[in-house]
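Please read each point with the structure in view.

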Amino acid sequence: MKEKIEQLLQQIEQFKFTDKEALENFRLKFLSKKGLIPALFADFKSVAPEDRKEMGLLLNELKNKAQDYLKTNQEALEQQTTTAASTLDVTLPSGHFKGGRHPLSIVRKEINSIFERLGFVISEGPEIEDDFHNFSALNFPPEHPARDMQDTFFIHKNPDIALRTHTSSVQVRVMEQGKLPVRIIAPGRVFRNEAISARAHCIFHQIEGLYIDKEVSFADLKQTLYYFAQEFFGKKTRIRFRPSYFPFTETSAEMDVSCNICGGKGCNICKYSGWVEILGCGMVDPNVLEACGIDSNEYTGFAFGMGIERITMMKYQINDLRLFFENDIRFLQQFEQIQ
Ligand code: PHE
């Protein structure tokens with residue numbers, strides 16, 4: 001019996017605990033009901049009475065040793081797996097695209113900062129608007145055909161609540177507050193029920209500008225937008241105004257910039273005209289000032305609105321507007337370095 005005990009002790013000490021399976025094998029081999037240690041306990045009957053005390057002690061020692069051994073190795077194995085997980089260095093470079101700003105965000109930020117340098121502050125308004133802020137206060141009478149120009153998405157077929165079709169609604173919200181003078185730009189998302197194509201989308205982004213004070217004139221409008229065009233597209237950029245129509249401005253105009261790709265010589269981006277239209281603008285219609293509680297005899301103002309997609313496409317020579325919304329990493333990666 002003593003020999004057997006010593007043999008087992010040796011086996012136990014030499015056992016290799018490589019993995020969880022080895023733990024289980026150890027338990028089955030030595031400690032389970034049919035294992036070698038319980039078998040020795042069963043043999044205890046045949047031990048001579050004078051040896052029983054010694055054998056009993058040795059047997060118990062063996063059993064305790066095997067149990068301790070199993071337990072410490074089990075703990076060691078568990079610890080190993082957790083340290084393996086915690087030694088994973090998540091800060092190591094992965095070699096993949098680490099993320100960057102979306103081109104529309106880059107351009108929005110740049111436009112904002114140009115106007116901020118002129119003293120404009122950023123204002124925001126809700127994307128879900130009522131008829132008053134999106135249309136009526138902006139001098140769109142009911143049934144006016146200009147409402148059709150805007151392909152409005154209504155909410156729950158309620159003709160009073162819609163997704164804003166332009167950021168001009170923010171003008172109204174700011175003017176209503178009655179704090180004069182006003183000098184704001186309002187960047188934001190707008191919605192129109194238009195078929196999606198390379199040049200149009202039902203969701204896009206605009207930046208609105210509004211300046212109201214005493215004696216604001218069309219010359220102020222021109223100078224402000226000229227400064228913007230030169231800051232954004234480069235010092236050589238020229239601008240021109242063409243008469244246009246918006247219900248909320250009178251006089252109204254559209255502004256073109258000389259094509260930044262060909263410098264005005266003519267290319268396929270500017271359709272060989274040398275000019276690209278980038279925004280609508282005009283003097284705030286006195287009806288709009290009055291609807292927002294501002295005395296139109298005392299105050300005048302100008303407003304302008306531009307599509308961020310259009311300007312981003314020009315700046316980075318992007319020929320399909322849908323790329324902005326598809327989250328294709330191959331497209332977004334190209335802007336990774338730009339802050
Ligand atoms: N809100 C007009 C549009 O979406 C743009 C605009 C804004 C025109 C301000 C004039 C003044 O087309």
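Predicted model: local features only at pLDDT ≥ 70, side-chain atom pairs only at ≥ 80, totals over all residues.

1. Arg-117 has a charged partner. A salt bridge joins Arg-117 to Glu-231, with 2.7 Å between the closest N and O atoms. This pair connects distant parts of the chain, since Glu-231 belongs to helix α8 (residues 218-233) and Arg-117 to helix α5 (residues 103-117), 114 residues apart. Glu-231 is likewise partly exposed, at a relative accessible area of 26%.

2. The salt bridges in the model number 15. Another of them is formed by Asp-256 and Arg-242, whose closest N and O atoms are 2.7 Å apart. Because Asp-256 is in strand β8 and Arg-242 in strand β7 (residues 239-243), the pair ties together parts that are 14 residues apart in sequence. Asp-256 is buried, with a relative accessible area of 2%, whereas Arg-242 is partly exposed at 29%. Both residues belong to a network of salt bridges that also includes Arg-240 and Glu-254.

3. A further salt bridge brings together the side chains of Arg-322 and Asp-320, at 2.8 Å from N to O. Here Arg-322 is partly exposed, with a relative accessible area of 31%. Asp-320, at 17%, is buried, because the limit for that class is under 20%.

4. A polar atom of the Arg-192 side chain does, however, lie 2.9 Å from the backbone oxygen of Thr-165. Arg-192 is placed in the loop between β5 (182-191) and β6 (203-213). Apart from residues up to four places away in sequence, Arg-192 touches several others, among them Gln-150, Asp-151, Phe-153, His-166 and Phe-204.

5. Ser-258 is part of strand β8 (residues 249-258). With a relative accessibility of 4%, Ser-258 is counted as buried. A polar atom of its side chain is 2.9 Å from the backbone nitrogen of Arg-238. Setting aside residues up to four places away in sequence, Ser-258 touches Lys-236, Thr-237, Arg-238, Gly-274 and Trp-275.

6. Val-170 belongs to helix α7 (residues 168-177). Its relative accessibility of 2% means that Val-170 counts as buried. Beyond its neighbours within four places in sequence, Val-170 is in contact with Ser-123, Glu-124, Gly-125, Arg-164 and Ala-186. The C-alpha atoms of Val-170 and Glu-208 are 8.1 Å apart, while the two residues are separated by 38 residues in sequence.

7. Finally, how do two of the helices lie relative to each other? The axes of helix α1 (residues 2-14) and helix α2 (residues 20-31) come within 12 Å and cross at roughly 175 degrees. Helix α1 is therefore roughly antiparallel to α2, as angles over 145 degrees are so classed. Leu-8, Gln-11 and Ile-12 of α1 meet Phe-26, Lys-29 and Phe-30 of α2.

Definitions and conventions. Residues numbered from 1 in each chain as written. Heavy atoms only, no water. Helix = DSSP H or I, 4+ residues; strand = E, 2+ residues; numbered from the N terminus. Buried < 20%, exposed > 50% of the residue type's maximum accessible area, 1.4 Å probe, protein only. Contact = heavy atoms within 4.5 Å. Polar contact = N/O pair within 3.5 Å; in protein donor to acceptor, adjacent residues only side chain to side chain. Axes fitted to C-alpha atoms, helices over the stretch in contact; angles between N-to-C directions. Parallel < 35°, antiparallel > 145°, perpendicular 65-115°, else oblique. Salt bridge = Lys/Arg side-chain N within 4 Å of Asp/Glu carboxyl O.
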